[in-house]
Amino acid sequence: MNCFLDRDGVFNIDNQYIGTKERFIWYQEIFKILEILKSQGYKFKLITNQSGISRGLFSLQDFLKLSFYFLETLNKKGFDIEIRFCPHLPSENCHCRKPKPNMILCHSISNNDIFIGDKKSDMQAAFEARIPNRWIISPNPSGPYTKSFFNHKELIYFLEK
Ligand SMILES: [Mg+2]
Ligand SMILES: [Zn+2]
């Protein structure tokens, strides 16, 4: 069983184009969410658009450095996560960028799979990939989600029920 997750707005506050760990502010609640889902048998897959790379706002090396910090922090807490990212601009019309489903479709999808995102494009990609559980964390949810949560705390309440 896979739980796919977006990064910015799910793991960390989305302050737009986060390329360094100094600007990466964790949502502390995400660790609880991962703990519950891990105990249910989920494997984690990060699916993230990072057009800041092609925009020249940070380099590929910056992104990879931040990703090592990201992985290390999660590993120390007992979580593994596989990373897929799209570095392209919307205008490049690549195959990977969400709302396209291709970064998800690299994996096989099962009946209990979940996508957790914070934007319409996450929900569209998950819908196209036929992920049955599409959860959005947003006070203004949109797109083809199946459940919405005002914030991380509400998602934890739901999982603990
Ligand atoms: Mg996001
Ligand atoms: Zn791409």
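A residue counts as buried when its relative accessible area is under 20%. In this predicted model, Cys86 and Cys96 are both buried, and each gives an SG donor to the zinc ion (ligand 2). Asn12 is buried too, with a relative accessible area of 0%.

**Zinc site**
- The zinc ion (ligand 2) is held by Cys86 (SG), His88 (ND1), Cys94 (SG) and Cys96 (SG), at 2.0 to 2.3 Å.
- The angles among the four donor atoms run from 103 to 116 degrees, and the site is tetrahedral.
- Along the sequence, the donor residues follow the spacing C-x1-H-x5-C-x1-C.

**Surroundings of Asn12**
- Asn12 lies in the loop between β1 (2-5) and α1 (29-39).
- Its relative accessible area of 0% is under the 20% cut-off, so Asn12 is classed as buried.
- The side chains of Asn12 and Asp8 are joined by a polar contact of 2.9 Å.
- Beyond its neighbours within four places in sequence, Asn12 is in contact with Arg7, Ile18, Phe24, Ile25, Trp26 and Tyr27.

**Largest pocket**
- The largest pocket holds about 380 Å³ of space.
- Its lining consists of 18 residues, of which Asp8, Asp14, Asn49, Arg97 and Lys119 are the closest to the centre.
- The elements giving two or more residues to this lining are β2 (43-49) and α4 (120-128).

Notes
Residues numbered from 1 in each chain as written. Chains lettered and ligands numbered in written order. Predicted model: local features only at pLDDT ≥ 70, side-chain atom pairs only at ≥ 80, totals over all residues. Heavy atoms only, no water. Helix = DSSP H or I, 4+ residues; strand = E, 2+ residues; numbered from the N terminus. Buried < 20%, exposed > 50% of the residue type's maximum accessible area, 1.4 Å probe, protein only. Polar contact = N/O pair within 3.5 Å; in protein donor to acceptor, adjacent residues only side chain to side chain. Contact = heavy atoms within 4.5 Å. Donors = N, O, S within 2.8 Å, 3.2 Å for Na, K, Ca; no water. Tetrahedral: all angles 85-135°; square planar, octahedral: opposite > 155°, others 65-115°. 1 Å grid on protein atoms, 1.4 Å probe; cavity = no way out; pocket = protein on both sides within 12 Å on 5 of 7 lines; lining within 4 Å. Points joined across faces, edges and corners; volume = space filled by probe spheres on them.
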